[in-house]
Amino acid sequence: MHVGVDVGGTKVLAVEIAGEGDGLEVVSSAQVPMPGRNASDAEVERAVADAALEVAAGRTLTGVGVSSAGLVDREGEWVRFCAHLPWRDAPVRSRLAELLGVPVVLDNDANCAAYAELAAGSLQDATFALMITIGTGIGGAIVLDGRVVRGANGMAGEFGHVQVVPDGLACECGLHGCWEQYCSGRALERVMRVALGSHLDGPQVAALARDGDRIAREAFATVGTWLGVGIAGLVSAYDPEVVVVGGGVSAVGDLLLDPARHGLARALQGAEHRTIPGIVPARFGPEAGAVGAALQAVAAG
Ligand SMILES: [Zn+2]
């Protein structure tokens, strides 16, 4: 069997998929905590293997796809850098293949998410589109004619570290004012901490917002508005027909996406004189990266 594993800043998610096209679905999944950005490489790789083996549940693995946040090289061998993970110039694909004893394919998480949405989701009919994933940070992918555009070194689409506030908040990547400091799970937690004086994690804030809690809804509106403002810059640069949003923070749907649509319309140059692209949810939501990784493992054989 093939398994897809998504490695994010707070958790490692493994999925088993079945079916294809509109019938493609996640049939089982497992989640283990990410050991943390100060953990060793080996601890993170062990967590990836543990999640994959938990989904396999005793069945024989034939291939594993790994979706990683951060800078993955064009050949899918190395994770060069990720603000939220310990890997630095790490040969992650070969290490995991050795640890698991099966072929492994490695790609950037937002590229994997775009791969899943192209195959069976919100990008199926797209010619030129952008994919944004919002989790611990922001990932991005550029889609042209049914394929992910990878850039000169495989690292295109890292929109989360575009500076939106000069000398703004310090980012885990070492820079300041990065978009993801204002629009991410971490940003959501910070907005809530300022409002309440206590810490809640992203899923707790989402549960409150769904229950109608005013402060939690305002926190999603703040983060959503920043999402729209950032997307406005990307629309100016790329002129996409649609922007698909996935990742854990997007699981609240329109509580995030409606403020983003308003933020986009307000911040976009010439908004009244152009077609404003839709901001639509990823069909596979927070699981898109893991599903795309599983599909790539299947395609690799
Ligand atoms: Zn940054």
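Tutor: Contact here means heavy atoms within 4.5 Å. The model is predicted. Keep both points in mind for helix α4, which spans residues 185-196.

Start with α4 against helix α6, residues 214-238. Their axes come within 9 Å. They cross at roughly 135 degrees. Angles from 65 to 115 degrees count as roughly perpendicular, and those over 145 as roughly antiparallel. The α4 and α6 pair is therefore oblique. The crossing of α4 past α6 is right-handed.

Now the residues. On the α4 side, A187, L188, V191, M192, A195 and L196 take part. On the α6 side, their partners are I215, A216, A219, F220, T222 and V223. By class, this contact of α4 with α6 has eleven nonpolar residues and one polar residue. No charged residue takes part in it.

Next, α4 against helix α5, residues 202-210. Here too the axes come within 9 Å. The crossing angle of α4 and α5 is roughly 65 degrees. That makes α4 roughly perpendicular to α5. This crossing is left-handed. From α4, the contact uses L188, E189 and M192. From α5, it uses G202, V205 and L208. The classes are four nonpolar, one polar and one charged.

For another helix pair, look at helix α3, residues 109-120, and helix α8, residues 288-300. Their axes are 7 Å apart, at an angle of about 75 degrees. That makes α3 roughly perpendicular to α8. From α3, the contact takes in D109, C112, A113, Y115, A116, E117 and A119. From α8, it takes in A288, G289, V291, G292, A293, L295, Q296 and A299. Ten of the residues in this contact of α3 with α8 are nonpolar, three are polar and two are charged.

Key. Residues are numbered from 1 along each chain as its sequence is written. This is a predicted model: local features need pLDDT of at least 70, side-chain atom pairs count only at pLDDT 80 or more; totals for chains, interfaces and linings use all residues. Side-chain values use heavy atoms; hydrogens and water are left out. Axes are lines fitted to C-alpha atoms, for helices over the stretch in contact, and angles run from 0 to 180 degrees between N-to-C directions. Helices (H or I, at least four residues) and strands (E, at least two) are DSSP runs, numbered from the N terminus. Angles under 35 degrees count as roughly parallel, over 145 as roughly antiparallel, 65 to 115 as roughly perpendicular and the rest as oblique. A crossing is left-handed if the near helix is turned anticlockwise from the far one by less than a right angle, and right-handed if clockwise. Ala, Val, Leu, Ile, Met, Phe, Trp, Tyr, Cys and Pro count as nonpolar, Asp, Glu, Lys and Arg as charged, and the others, Gly among them, as polar.
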